[in-house]
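Visitor: Please take me through this model one question at a time, with the criteria behind each term.

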Amino acid sequence: MANPGGDAVCNGNLHKHEKQSDGSPSGNCAKNGIVKEAQQNGRPHFYKPIVESFEEAPLHVMVFTYLGYGLGTLFGYLRDFLRSCGIEKCNAAIEREEQKDFVPLYQNFENFYTRNLYMRIRDNWNRPICSAPGSRFDVMERVSDDYNWTFRFTGRIIKDVINMGSYNFLGLAASYDESIRTVKDVLEEYGLGVASTRHEMGSLDKHEELESLVAKFLNVEAAMVFGMGFATNSMNIPALVGKGCLILSDELNHASLVLGARLSGATIRIFKHNNMQSLEKLLRDAVIYGQPRIRRAWKKILILVEGIYSMEGSIVDLPQIVALKKKYKAYLYIDEAHSIGSVGPTGRGVIEFFGLDPRDVDVFMGTFTKSFGAAGGYIAGRKDLVDYLRVHSHSAVYATSMSPPVAEQIIRSMKFIMGLDGTTQGLQRVRQLAKNTRYFRQRLNEMGFIIYGNEESPVIPLLLYMPAKVAAFARHLLNRKIGVVVVGFPATPLAEARARFCVSAAHTREMLDTVLENLDEMGDLLQLKYSRHRKSTRPELYDETSFELED
């Protein structure tokens, strides 16, 4: 079983939630795992229903998509043959003739996709930006003379491109103005870097102030901050679980969560995205059968989920996951990289979005790279958990401390959101982001595009499917001074290439209307309006319905 004792132990175990003062557990559970009501501040709070869309593409679209990849593969083999014969020049990294008897350093076939498809449309990625990533930015124009193997800059700057790709949800990643004078002051007083770890000479009063503020913002006991968001996941998960532990990971989790789970040495099992039947089956089997072969109880069972899934625009079904977690005595680790600051009435993430008690989550993780316009990440929760990680986390012990100006930018942004700067502008931006999100999603739906995700998610994937249309879409929009991010395999399933829009509170209605007008024209030009307004079966990926959550 999954450590049902629930005691507060400091040797790396996570900790169970305490009961409320009246002796009853926080929150009430109903059948099928849907939490209907929670008691907060003496008043009942009803959870917001989840409204998400994953519409299927018409059959002919999928046929042409796979046909396009098939033809690309055939021509790729033909071009590889021409390169091997010396008829076509090979620009990829190859082994020298003197090393032909050595084990190959470059696995030639593994780069087949990169050589023959990605390179043809590579100009749509890594575009150099030469301004702050605000609602508009400047792009350096570049061209290629060898089919995107190399680029050269023309010297021309494409000015005032509408930014629909940055995670600048609240518009706080902006050029210098009077509001960030404190960041300049900290830079002058502390310098740029710390040149030491927190355990040595790198712990500053600014770090302490930031950690206290994060804990207050999240309404938890303690928090600690790290200089890199990716490492916050990949280096802290191995400190929490190890051999003999079980990790249950959502199939769409970010690469940092996947890497952290693999580095931990724990057994990993994948459940279907936001599918409670799939998750409960894994939990039930874990409790009944224990570890493989030896059948001993798992030391710990840790559920890994994200707040907002950055490729799908989906929001985690947190009430049901919390209900399952409590039922099976598991632990819950939630990555709020994209949801903190961007959802919830006051921007406090999915816990506030669903009206849950922060004690329902064992480990809070988030980054400062999106809503806060800075860098780094945090782990928050109970004080003894945070104290344990300060000693055992590789990212805390060996990594250089967060830069002081970066810490001050986060402090400034967080106080702005919380209203501690004496204004309500932060709250207004959170509300403006929600308005922009709903407006943009609604208009895209009305135009007939297939978009994924939750209606409240500021991350909005628009499905393009065909690889040729991916390139044409991004190139045409840049010509119209609209910057978008297009994503394809292997970051997405092979046949589900998409454009990913990120709405910001800094976007005005005029900017959004300009983008929508151009998208309407582009949808007609490239024939991208695939929607038939029919709900997909995609969220229901698990057929078994016998796994119910009972009271």
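Visitor: Where is Arg-295 found?
Guide: This is a predicted model, in which local features need pLDDT of at least 70 and side-chain atom pairs count only at pLDDT 80 or more, while totals for chains, interfaces and linings use all residues. Residues are numbered from 1 along each chain as its sequence is written, and side-chain values use heavy atoms, with hydrogens and water left out. With helices (H or I, at least four residues) and strands (E, at least two) taken as DSSP runs numbered from the N terminus, Arg-295 is found in the loop between helix H7 (276-289) and strand S9 (301-306).

Visitor: Is Arg-295 buried or exposed?
Guide: The classes rest on relative accessible area, with under 20% being buried, over 50% exposed and anything in between partly exposed (1.4 Å probe, protein chains only). Since its relative accessible area is 52%, Arg-295 is exposed.

Visitor: What is the phi of Asn-148?
Guide: Most residues other than glycine have a negative phi. Asn-148, which sits in the loop between S4 and strand S5 (152-163), is buried because its relative accessible area is 9%. Its phi is positive although the residue is not a glycine, at a value near 75°.

Visitor: Which backbone nitrogen does the side chain of Asp-362 reach?
Guide: Asp-362 lies in the loop between helix H9 (350-354) and strand S13 (363-367), and it counts as buried because its relative accessible area is 5%. Its side chain makes a polar contact of 3.5 Å with that of Lys-325, where such a contact is a pair of N or O atoms within 3.5 Å, one able to donate a hydrogen and the other to accept it within protein, and residues adjacent in sequence count only if both atoms are side-chain atoms. At 2.8 Å, the side chain of Asp-362 also reaches the backbone nitrogen of Leu-332.

Visitor: What is the angle between the planes of Phe-54 and Tyr-452?
Guide: Rings of Phe, Tyr and Trp (its six-membered ring) pair if their centres lie within 6.5 Å, and planes under 30 degrees apart count as stacked, over 60 as edge-to-face and the rest as tilted. The structure holds 12 aromatic pairs. The one between Phe-54 and Tyr-452 is tilted, with 5.0 Å centre to centre and an angle between the planes of 50°.

Visitor: How many residues apart are Phe-54 and Tyr-452?
Guide: Both of these residues, Phe-54 and Tyr-452, are buried. Their pair links distant parts of the chain, Phe-54 being in the loop between strand S3 (52-53) and helix H1 (59-84) and Tyr-452 in the loop between helix H13 (425-447) and strand S15 (453-454), so that the separation in residues is 398.
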